[in-house]
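Subject: Structure handover

Hi,

Here is the structure for you to look through. Please open it first, then read my notes below.

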Amino acid sequence: MTVFPKGFLWGGATAANQFEGAYNEDGKGLSVQDVTPQGGFGPITEEPTEDNLKLKGIDFYHRYKEDIALFAEMGFKVFRLSIAWSRIFPKGDELEPNEAGLAFYDRVFDELEKYGIEPLVTLSHYETPLHLAREYNGWANRDLISFYERYVRTVFERYQHRVKYWLTFNEVNSVLHAPFMSGGIVTPPEELSQQDLYQAVHHELVASALATKIAHEINPEMKVGCMVLAMPAYPMTSHPLDQLAVRQFENQNYLFSDIHVRGKYPNYIKRYFKENNIEIQFADGDEELLLNHTVDFISFSYYMSVAQAHNPEEYTSGKGNIMGGITNPYLEASEWGWQIDPVGLRLVLNDFYDRYQLPLFIVENGLGAKDELVEGPNGPTVEDDYRIDYLQKHLVQVGEAVKDGVEVMGYTTWGCIDLVSASTAEMSKRYGFIYVDRHDDGTGTLARYKKKSFDWYKEVIATNGEKLFEEQ
């Protein structure tokens, strides 16, 4: 008997800016991604440049039928995608939406409905319209709340009977570490004050609560979740100050879920604000909006854990997913230095559930690796046993969390089809069950090939996870 509940939502996850392509077709405007050819932490160009792989992505815009058919063949119950804000409002501050952009997502939802796949839609996945970044300084400016409101109201009304599950901001806590990629803030990080950064955080949190309110008003059946980057931390030693360092690190992330779920700023951040001379400006109604329009569920990404210490300079820094941290000597790492910790996923699930008692949705998890295309009995493939091993071990821990009593809604692997990396803008950092013939130099046919993990995940879904425990 499988431990996963009946109706568990198995699937995969993507982002428009990393796989759609067609960056300037059918009226689409530019996003912050179109001027970061080396990834979210790299230099920003004035205009899009040919070396930016995200401009073409993997051309899902023209190949969505083929790709969704492959997802259906795997048995997906859910597909996480994002709507590119600048397809709907090309500059972000227009009064009327771009009908061609709305029509594209109608066609995508048609295809998903054809196969009975539930869409899970991220409203803002590192895709702030570039105009809003350059003219308003992104989420540092309160005006973005009204622009976001117009955008979400437009898509909620259009797709209210087609999309049940919505996420307001992808990895919303990442704005503290990647203000341009995550928040469209053009002020250089070294010049960005803590006051302005946390004021931008406030604007996003208010906008998220407003989106939740609008969704429930338009269709009470719609479910809105927050999406945070989860990264558990372990103390390097049993020194009490190392444990305190862990607590302070994790509070940076809990801040976002605490406000999304509990509707108010926690006391620990009030102390931090006081000690750092930060005074958040609340507009009339902000407090009530946050308190009365909390999320229906919590979703998160999980790739790795880190270690923390009160004296980090005495240890080796790890290559973390956006946030950094200290290398844990007990864990192996991926080719990109991300430490692999399946048990950490069980800990995250238990910690979130103990803290909030809300349903949880794992919407990103996976292994980025340099896959090699080889000739198989049925044509080109990738023998990605390393990916199968990674996913199997993580999913077993999800099963353990379910047995612990945690309410888990579903699981969507990141980059279920190869796409362009957000952090490095490479194609060679592959996550998918489907290999896409495109390379870091931009060459390739864009042909799709099933990896070994394709049939493995298909069987995992078909058995509702029972296959995972046969392999232990």
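G12 has F79 in β2 as its bridge partner. This is a predicted model, where local features need pLDDT of at least 70, side-chain atom pairs count only at pLDDT 80 or more, and totals for chains, interfaces and linings use all residues. Residues are numbered from 1 along each chain as its sequence is written, and side-chain values use heavy atoms, with hydrogens and water left out.

Strands here are DSSP runs of E, at least two residues long, numbered from the N terminus. Two strands pair if DSSP finds at least two bridges between them. In general, strands of a sheet pair through backbone hydrogen bonds, either parallel or antiparallel.

Now β2, residues 78–82. On one side, β2 pairs with β1 (residues 9–13) in the parallel sense, over three bridges. β2 also runs parallel to β3 (residues 118–122), and five bridges join them. R80 has L120 in β3 as its bridge partner.

Are the residues of β2 buried or exposed? Five of its five residues are buried. Buried means under 20% relative accessible area, with a 1.4 Å probe and protein chains only. V78, R80 and S82 point one way. F79 and L81 point the other way.

β1 has another partner: five bridges join it to β12 (residues 408–414), again in parallel. There, W10 stands opposite Y411.

What do the strands build? They form a closed barrel of eight, with parallel pairing, in the order β1-β2-β3-β4-β5-β7-β9-β12. The twist averages 25 degrees from one strand to the next. Such angles run from 0 to 180 degrees between N-to-C directions, with axes fitted to C-alpha atoms.

Best wishes

Note on methods:
Buried means under 20% relative accessible area, exposed over 50%, partly exposed in between (1.4 Å probe, protein chains only). Helices (H or I, at least four residues) and strands (E, at least two) are DSSP runs, numbered from the N terminus.
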